[in-house]
Amino acid sequence: MDLANKKVLVIGAARSGIAAAKIIRNYELGIRNENAKVILSDSKENLDVEISGVEIRLGKQTEELLRGVDLIIVSPAVPLKIPLLKIAAEKNIPIISEVELAYSLAKSPICAVTGTNGKTTTVTLLGLLLKEKFSKVGVGGNIGVPLSEVALEVGAGGYLAAEISSYQMEATKNFKPHISAILNVTPDHLKRHGSMEVYQAMKEKIFSQQTAEDFLILNFDDERTCEMKTRAACKVLYFSRKAELDEGAFIKNNSLAIKFGGEIFELCTIDELGIKGGHNVENALAASLAAFLAGVEIEKISAVLKSFQGVEHRIEFVREIDGVKFFNDSKATNTDSAIKALETFSGHIILIAGGDDKGTDLTDFLKLVKERVDYLILIGDAAARFKTCALEKNFPAEKILEAGYSMERAVELAKKISRPPQIVLLSPACASFDMYNDFEERGRDFKEKVIAYS
């Protein structure tokens, strides 16, 4: 990438934007950046950001920012439809994402995973699997570490495991992983993308540049992902929890297995798998197949599957109080993810739900709530709509409690009404931005309140 004497505008001063600005300003091997001028802009005025050699511009973003700009790098949280980027597009100023920058820097192959749910668990597991073969493995992207930083750290001779969101794919053009995987596609982020068709198209960009020497892994059981094979130019393999496949990863005799080149390799039984729940069986199948294609030995895949216990904020056991177990599933930022959490338990659930409402349909979610939830505790902006919809589905009014915008109150209510064999589950089915900066902060707050309870 030649940025010598170029002016680069980075929009969005969150983790990805800050990483991109630092890299362009300071990194010289692989980027010709002599006399490059870097501006980092964010519409928020009260940020505390300082990067040596980078001009920081906070507040209102006017057309003046584009004067003399040769390239724009946009953070995932910034939609391409904001006025400034629309003007930039009209002026034919190239716009790329931080993920695209990462791809231009990467000297090791990338295994990229996307999907509505399961990305973080799958990529975390995949990173551990890849470490069984490669001495240098980087895990980054939507998982919390900018992929561009990871690409530089790993360098050549390793492997990159990347969690990729639909937001990150909006401004990609050449991004080309060696192995890609799409776990599922269900309604999410429709406020940003406008329709399911656009949302799915963003997911499909992950394999749009792949060619015959590359691999695409798809969920055979998901209607939307299954038919994507018709639009792929690379080698496609499926994983399935419900069907035994001619090739790919599936369940055989209650064991996770991979069939490739006419051979069947058994990995471990479902009972031996360290992460529990049907959705985690799917995540394990996808991660195992990706690792297998990257060259990891079957025996080593099997050992990691048995030892891996999951990730923070995803059906994470927190504490037992008076015989009642509390679980943190703050990562469930949509109804489909919350449904998977509810399916993990047989019933007697006290559910804490609500938050920044995405406005998605609640029918399937509330059907399962009615079947398995004893009490529904609601928080945040979504509380009123969730309550109205729950009452319409005949969930008992006396079993709906409201905690306002207080996680402490929600935990207090849950503790007061819970009795064994009930469990308390935070699985919000909503984003967190009405009360927190992100789902991690929400999950940590829940855990702190539970741990501190006496």
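1. Strand β6 (residues 110-114) and strand β9 (residues 179-182) pair in the parallel sense over 4 bridges, where pairing requires at least two DSSP bridges between two strands. Strands here are DSSP runs (E, at least two residues) and helices likewise (H or I, at least four), numbered from the N terminus. This is a predicted model, in which local features need pLDDT of at least 70 and side-chain atom pairs count only at pLDDT 80 or more, whereas totals for chains, interfaces and linings use all residues. Residues are numbered from 1 along each chain as its sequence is written, and side-chain values use heavy atoms, with hydrogens and water left out.

2. Within β9, Ser 180 is the bridge partner of Ala 112, and the bridge partner of Ser 180 in β10 is Leu 216; β9 and β10 (residues 215-219) run parallel, joined by 4 bridges. Ile 179 and Ala 181 on one side of β9, and Ser 180 and Ile 182 on the other, are all buried (under 20% relative accessible area, 1.4 Å probe, protein chains only).

3. The open sheet has 9 strands in the order β7-β8-β6-β9-β10-β11-β12-β13-β14, with mixed pairing. Its edge strands, β7 (137-141) and β14 (263-269), each pair on one side only.

4. Strands β7 and β8 (residues 159-163) run parallel and are joined by 5 bridges, with Gly 140 opposite Ala 162 in β8. Helix α4 (residues 119-130) packs on the sheet, touching β6, β7 and β8, and its direction makes about 170° with that of β8; contact means heavy atoms within 4.5 Å, and angles run from 0 to 180 degrees between N-to-C directions of axes fitted to C-alpha atoms, for helices over the stretch in contact.

Note on methods:
Buried means under 20% relative accessible area, exposed over 50%, partly exposed in between (1.4 Å probe, protein chains only).
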